[in-house]
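Hi,

Here is the structure I promised to pass on. Have a look at it first, and then read on for what turned up.

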Amino acid sequence: MPHPISEASEVTVNSSLPDPTELVSSDTTQGVDSHTLCESMLRHLRSSLAKDQYSVTPHDSYVALVYAVREQLVDRWLRTQQGYYHEDQKRVYYLSMEYLTGRMLVNSLINLGLLEQCRTELAALGIDLEVLIAVEAEAGLGNGGLGRLAACLMDSFATQAFPVCGYGIRFEYGIFEQRIADGFQVEMPDHWLRFGNPWEIARPEDVYCIGFGGYVRELQDSRGRLQHEWIADEDVTAMAYDMPVAGYQNDTVNTLRLWAAESRHGFNLECFNRGDYVAAVEATSRSKSISRVLYPNDNVQSGKELRLKQEYFFVSASLQDIVRRYKKTRQTFDAFPEKVAIQLNDTHPALGIPELMRILVDLEQLDWQEAWDITEATFGYTNHTLLPEALEEWPVALLQRVLPRHLQIIYEINHRFLQAVKRKHPGDVARLHRMSLIGEGDEQRVRMSHLALVGSHAINGVSQLHSDLLRKRVFVDFDEFFPWRFHTTTNGISPRRWLKQANPPLAELISDSIGDAWVRDLSQLEGLTAYADDPEFSVRWAEVKRENKRRLAAQIGAEQGIDVSVDSIFSCQVKRIHEYKRQLLNILHTIALYNRIRHGDTTEIVPRTVMISGKAAPGYAIARTIIKLFHDVAEVINNDPRVAGVLKLVFLPNYNVSLAESIFPATDVSEQISTAGTEASGTGNMKAMLNGALTVGTLDGANIEIAEAVGRENIFIFGKTADDVARAFQDGYEPRQVCDSIPALREAVDMIRDGFFSAGDKTAFQPLLESVFSQGDRFMVLADFADYVATQQQVEGTYRDQMRWTQMSIINVARAGRFSCDRTALTYAKEIWDLDLDDSARINHVPR
């Protein structure tokens, strides 16, 4: 039976230590200075890395500086954790498969208030801080917005001194490094841990045994109650690695705990001595594979099984750790929901619900109903998708083989839940089928989203439209059954990362004008409204944008040899490559614009640089084809002298947080063009907005709330609404008729089909066109084309009036306050977790 190997705690409450309340009251932020930091760095170069001036490398200097920064954080880290225990605060545990933290050095220096001073001190030593920053390997522990949201939230939790611990997996290899070869995406391993991770602290004392497979034995206890014992036939060890998450210029340092898989049995010396060297390390290799790669390709059965094991490994280690922490100060579970909140970041951690039930019922011997009441009151569930295919399901046969006890628990949860549905809706068999945790069909499947819905006391969407559609379309029956569970918590972004760090010139201009309180309270940006009509301020604002464009253009020139004009509109679509995000619509418009120019119609055309960046999932053939199409179109257009200086296409490979920090400050037009009713929220729209870009977007996700914030006169909205899309399909939408009725669209499609961009190869993009025409244009690419083109012409007309454009840019930034992740975190704390905010403020001296 899987069980904790060690009961060692993260922070031991020891009566011989000083009173934590005395410790946290000291003003540690005033005790740090850049000179001390640099002295510490030099000391670590010698004492920790054994390097001198003859052998030191930039990587050595980077690691030594991280050690010096970490040294400043450790005391606060310990005090923060001791304070949480001493005050017996309710703790929140945030479970997420993804964390896109980005580079941590600059963020940590900003939060310590030492960035510029450190830069100056290092320069005096002949060290360029920018070189050290560039050395840091970025942890690619995520695929897009889900992981970046988790990282932003962790920053906000610490900045507002909320007692939150994040849990995830310490993947040895990140999502993948994207390279482009002949226009095709090529995936390379992202070995971000090749040189180690100086931010993390290994916790070999905090390890847990995670079981898989085997069988379940039934027996009776002394009171005659049926009990279950899971006898696993495979197990691995989860070992903790902790990273500090510092709040902005306060004393709070929270923990991001990542689990690495290790073999319980290690090296097999007997096999080695027999000469079977492969078998000697087989168990170790098999165990470590669980935390080897983020999101293995699940188009094959072995990939599906590995992904399921990853999800259970992660939640089991986390739940065991959470229960261990709770039991340090309590003997019973009566107060568990009052002292513990667990938030599921999407459906990946939904196995945490049956895992907590297993711990409470099988190991702690609680009655089922008592355990269920505790579980339901503890979990919250954030849904991040409206697409049915993205709502995770697992084959029953696979769960039976890998997690037999958990399948039993899921069956019991389902049975009891459906009995309750029957009592409320007697005779409604169809409703029972729709609400069941088990989906029927060719293959029985466990609906993980249903499990999360039933096992959580609070369910939230991540934008108002998303929440509305969850209730009205996706989970209608559940909304009718327990409407009080559904909430809206619109996503947000960190102003520290996405303005102060990513765009220092704009941050400085804003602070010079309205002060720097916006860094902690983004609503203060509203003060910029008074400058929107100020000619002198507008000139400075426009010059900041131009300088950011110069910087990105120089980067593109250095890396790709493409000459980009800073006088052109930088139109950027940066996000995961997916059909619903409609990079194809962007490409079709670009082809139409190309045709217009080469046919001689250059009237009122404004030079434009179309930039796309993003990764396609390795097993997603259509998305990979979209990348190839963009490159083939770019190859033709960029080499056609008829459009030189007017139109250029650039694909920015290997999109990650650092690249985003270069793109968003330089963006003029933010392309947020997903099909209405498909994007849960989006945060790229917020990042671009905060950096002064104007949005071209559909009424989808958080675009709606951005439009409400800035006013329809300061955003470019086009396309069908979610209701329009549903109605069009009900009315028998015919994509071929739409295509034939729009000459510019028909010409663009014919060029793709006839091989104009693929050297005459008419088969190159046939699967992509079939996905549009033969499958009914599911994402309304053709239906929205005409309106999209007309809206882009409005963009060009507005851009020609630079005073008006700059005024709109200023207003967009001024109205970005509601999209702060600090506001998102506060909503979770108040509406989902019921935290005592006064406690957090008092312990960590954060103003409320």
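In this predicted model, helix 2 (residues 34-47) packs against helix 3 (residues 58-86) with the two axes 8 Å apart and an angle of about 125 degrees between them. Angles of 65 to 115 degrees count as roughly perpendicular and those over 145 as roughly antiparallel, so helix 2 is oblique to helix 3. The crossing of this pair is right-handed. If you want to see who meets whom, helix 2 brings residues including T36, L37, S40 and M41, and helix 3 answers with a set that includes D60, S61, A64 and L65.

L65 turns up again in the nonpolar cores. The largest core has 206 residues, and L65, L105, F313, F417 and W833 are the ones that touch the most other members. Helix 10 (residues 301-327) is the top contributor to this core, giving 10 residues. There is also a second, separate core of 63 residues, with I591, V610, L629 and L745 among them. As background, nonpolar side chains tend to be buried together in soluble globular proteins.

F417 is worth a click. Which residues is F417 in contact with, leaving aside neighbours within four places in sequence? They are M435, L437, V454, F478, F481 and F482.

Last stop, helix 32 (residues 785-800). At 1.5 Å a residue, its 16 residues should span 22 Å, and the end C-alpha atoms are 23 Å apart, so the two values agree.

Cheers

Key:
Residues are numbered from 1 along each chain as its sequence is written. This is a predicted model: local features need pLDDT of at least 70, side-chain atom pairs count only at pLDDT 80 or more; totals for chains, interfaces and linings use all residues. Side-chain values use heavy atoms; hydrogens and water are left out. Helices (H or I, at least four residues) and strands (E, at least two) are DSSP runs, numbered from the N terminus. The expected span of a helix is 1.5 Å times one less than its number of residues. A nonpolar core is a set of buried Ala, Val, Leu, Ile, Met, Phe, Trp, Tyr and Cys residues joined through side-chain atoms within 4.5 Å. Buried means under 20% relative accessible area, exposed over 50%, partly exposed in between (1.4 Å probe, protein chains only). Contact means heavy atoms within 4.5 Å. Axes are lines fitted to C-alpha atoms, for helices over the stretch in contact, and angles run from 0 to 180 degrees between N-to-C directions. Angles under 35 degrees count as roughly parallel, over 145 as roughly antiparallel, 65 to 115 as roughly perpendicular and the rest as oblique. A crossing is left-handed if the near helix is turned anticlockwise from the far one by less than a right angle, and right-handed if clockwise.
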